[in-house]
Amino acid sequence: MRYDVAVIGGGPSGAVAAAELSRAGFSTILLERNLENVKPCGGAIPLGLIEEFNIPSVLVEKQLTHMKARSPKGRVIDMRMPNGYVGMVRREKFDAWLRSEAKKAGAEVAEGLVKSVAHAGDGFVITTLNDKIPPLRARRIIGADGANSKTAENLCFPANDLKVIAMQQRFRYTPATEQFRDIVEIWFDGEVSPDFYGWIFPKADHLAIGTGTEDNRHNLKKLQKRFIEKIGITEKPYLDEAAKIPMKPRKSFAQEKAILVGDAAGLVTPANGEGIFFAMRSGKLGAKAMIAHFNEKAPLQAYEKEFKKLYSPIFFGLEVLQTVYYRNDRLRESFVAICADDDVQRITFDSYLYKKMVPAPWKTQMKIFSKNIYHLLKGC
Ligand SMILES: Cc1cc2nc3c(=O)[nH]c(=O)nc-3n(C[C@H](O)[C@H](O)[C@H](O)COP(=O)(O)OP(=O)(O)OC[C@H]3O[C@@H](n4cnc5c(N)ncnc54)[C@H](O)[C@@H]3O)c2cc1C
């Protein structure tokens, strides 16, 4: 059988792309190496995503409006989200639901580890490990196979440069950790991460606690151990998980007949490591560009252009923030101090929830700018 499109990788980006293409009537196969996969992930998603993709409330285990940012010296800033919430999902359920939506829309969902993707005639031939799925053909490819994308490697896309390695542990609630049940905590602390941050995300029946680092001179397991000690948890986790977070878009992620979406394209924002929203949006935008390509002979590069037009300012802004403030504890202390400002909180949450950068009035911008300078000079 020759498909119109083979989508490689059944995470959020691939499942959304496959659903969109199938709904438009294109024969689509979604290839996932392990349909029981539990992607290591904090599972924090913004309200805008929940609304756009009609995520059922049963999948959103928590709707959190209260957040705490903690500095290296232990200063804690309380932050409230008046206009929305951060939803907490569990990836094993979330991804399975997204794949079931793709199937409902008409996509064929198949389990098999893709071993090679090669040009053949005017399309591609795809093989899987041990021929679990017999070699198959597709006119076009969507690579949605995550940070270590085989598709990108086989089709010679530019490298995926900047990768944070992150680890997360799951802990059952105990009387001592009940205090974290309804709060998102973010720790900016060099002992927890020298160049990223540590997180405590509450789920229905456990806490997901993790940290990441870009810097390979640091031992991630030791950072995580120190984080757990600092929180004061003495119990053992029931699950350890780790994976790369590709926080820099590839130089290009669209070719004449193939595109990359989500982590495969490096679409995770710096500073906060948010990837689910961009995976699903890129899956949708990529599929729409593919539909226009089939119907109107439009170039697939339109997808990359559209994604960059919409989201480059966010990626740029967060990269500057990470470069300026995540370098040492003095700067992290300043950053947390700035977070105390109500306007900073409002702008941060508004742009997080719906990914719309609405410029603040100039007076507010000047105030925030002056506060930045003040705290940077003062170091707290
Ligand atoms: C520890 C950690 C915490 C995170 N926390 C958050 C968070 O709280 N919020 C947030 O927004 N983002 C978070 N992220 C980032 C987020 O998990 C990713 O950006 C998101 O999963 C990207 O979705 P994706 O579909 O592009 O890729 P993935 O979710 O990685 O899916 C890729 C899929 O492809 C499959 N696959 C891979 N290779 C092959 C192959 N050769 N053949 C067939 N199938 C293959 C995999 O099994 C997988 O199912 C976190 C990441 C990590 C590592």
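Colleague: Which helices and strands each supply at least two residues of the shell around the ligand?
Modeller: This is a predicted model. In it, the helices that each give at least two residues to that shell are H1 (12-23) and H6. The strands that do so are E2 (28-32), E3 (44-46), E12 (163-172) and E16 (239-246).

Colleague: How many residues surround the ligand, and which are the closest?
Modeller: The ligand is surrounded by 40 residues. The closest are Gly 9, Gly 11, Gly 42, Gly 262 and Gly 275.

Colleague: And how many of the shell residues are nonpolar, polar and charged?
Modeller: The shell has 18 nonpolar and 15 polar residues, along with seven charged ones.

Colleague: Which domains does the shell draw at least three residues from?
Modeller: Domain 1 and domain 2 each contribute at least three residues to the shell around the ligand.

Colleague: How many residues of domain 1 and domain 2 are in contact?
Modeller: On the domain 1 side there are 15 residues, in contact with 14 of domain 2. Helix H3 (91-104) and helix H6 (276-296) are the elements that give two or more residues to that side of domain 1. H3 gives the most, with four residues.

Colleague: What is the make-up of that side of domain 1 by residue class?
Modeller: Where domain 1 touches domain 2, its residues comprise eight nonpolar, three polar and four charged.

Terms used:
Residues are numbered from 1 along each chain as its sequence is written. This is a predicted model: local features need pLDDT of at least 70, side-chain atom pairs count only at pLDDT 80 or more; totals for chains, interfaces and linings use all residues. Two residues are in contact if their C-beta atoms, placed from the backbone, lie within 7 Å. Ala, Val, Leu, Ile, Met, Phe, Trp, Tyr, Cys and Pro count as nonpolar, Asp, Glu, Lys and Arg as charged, and the others, Gly among them, as polar. A residue is near a molecule or strand if its C-beta atom, placed from the backbone, lies within 6 Å of it. Domain bounds come from an automatic or database domain assignment.
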